[in-house]
Amino acid sequence: MLDITKFRAMFPEFSNVSNELLPFLFDQATDYLNNSDFSLVDDVIKRERLLYLLMAHLAYVRYGDVNGNGGSGMVGRISSASEGSVSVSSDIGPVEFRYAWYTQSPYGMDYWQATKVYRMANYYPGC
């Protein structure tokens with residue numbers, strides 16, 4: 001369940017994103033991380049924190065923060081830029097494709113790192 005006050009306290013840099021947009025970002029975050037009793041993240045406090053990181057990532061990529069960071073909509077790292085007639089290009093670079101999208105913001109990278117334990121295989125010998 002989305003707690004807008006808690007999200008705002010955790011990420012004050014997104015005061016430029018309206019309260020009306022936050023439920024949509026939360027809903028989209030649940031597309032990436034199941035928010036039901038069947039979630040791999042069974043600790044609801046940890047799951048909430050991860051969902052808020054995803055919301056912050058989505059907000060950063062789409063709208064940017066109050067400091068003017070993010071919000072370009074460009075995917076990938078900037079690989080070249082020029083000034084006359086303005087030209088910018090980007091590429092995924094040396095990052096593996098499966099997590100390239102998360103590298104677009106510090107929040108996405110935090111999420112990716114925090115969820116690595118859920119992407120590891122479990123081996124149960126003798127089963």
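**Entry 1: H57**

I looked up the contacts of H57 (heavy atoms within 4.5 Å). Leaving aside neighbours within four places in sequence, H57 is in contact with W101, Y102, Q104, S105, Y107 and G108. I note that this is a predicted model, in which local features need pLDDT of at least 70, side-chain atom pairs count only at pLDDT 80 or more, and totals for chains, interfaces and linings use all residues. Residues are numbered from 1 along each chain as its sequence is written, and side-chain values use heavy atoms, with hydrogens and water left out.

I placed H57 in helix α3 (residues 44–63); helices are DSSP runs of H or I with at least four residues, numbered from the N terminus. H57 is buried, with a relative accessible area of 0%. For burial I used under 20% relative accessible area as buried, over 50% as exposed and in between as partly exposed, with a 1.4 Å probe and protein chains only. I found that the side chain of H57 reaches the backbone oxygen of W101 at 3.3 Å.

**Entry 2: helix α5**

I then turned to α5, residues 106–114, where Y107, G108, Y111 and W112 are the buried residues. They lie on the same side of α5, because they cover an arc of only 135 degrees around the axis; the arc is that of the directions from the helix axis to the C-beta atoms. I also noted R119 over the face of W112, at 3.5 Å from the ring centre. The criterion is CZ of Arg or NZ of Lys within 6 Å of the ring centre and within 35 degrees of the ring normal.

**Entry 3: aromatic pairs**

I searched the whole structure and found 10 aromatic pairs. Rings of Phe, Tyr and Trp (its six-membered ring) pair if their centres lie within 6.5 Å; planes under 30 degrees apart count as stacked, over 60 as edge-to-face and the rest as tilted. The Y60 and Y107 rings have centres 5.9 Å apart and planes at 65 degrees, so this pair is edge-to-face. It links distant parts of the chain, Y60 in α3 and Y107 in α5, 47 residues apart. Both Y60 and Y107 are buried. For Y102 and Y111, the centres are 5.5 Å apart and the planes at 25 degrees, so I recorded the pair as stacked. Both Y102 and Y111 are buried. I listed one aromatic cluster, formed by F7, F11, F14, F26, Y52, Y60 and Y107.

Key
Helices (H or I, at least four residues) and strands (E, at least two) are DSSP runs, numbered from the N terminus. A polar contact is a pair of N or O atoms within 3.5 Å; within protein, one must be able to donate a hydrogen and the other to accept it, and residues adjacent in sequence count only if both atoms are side-chain atoms.
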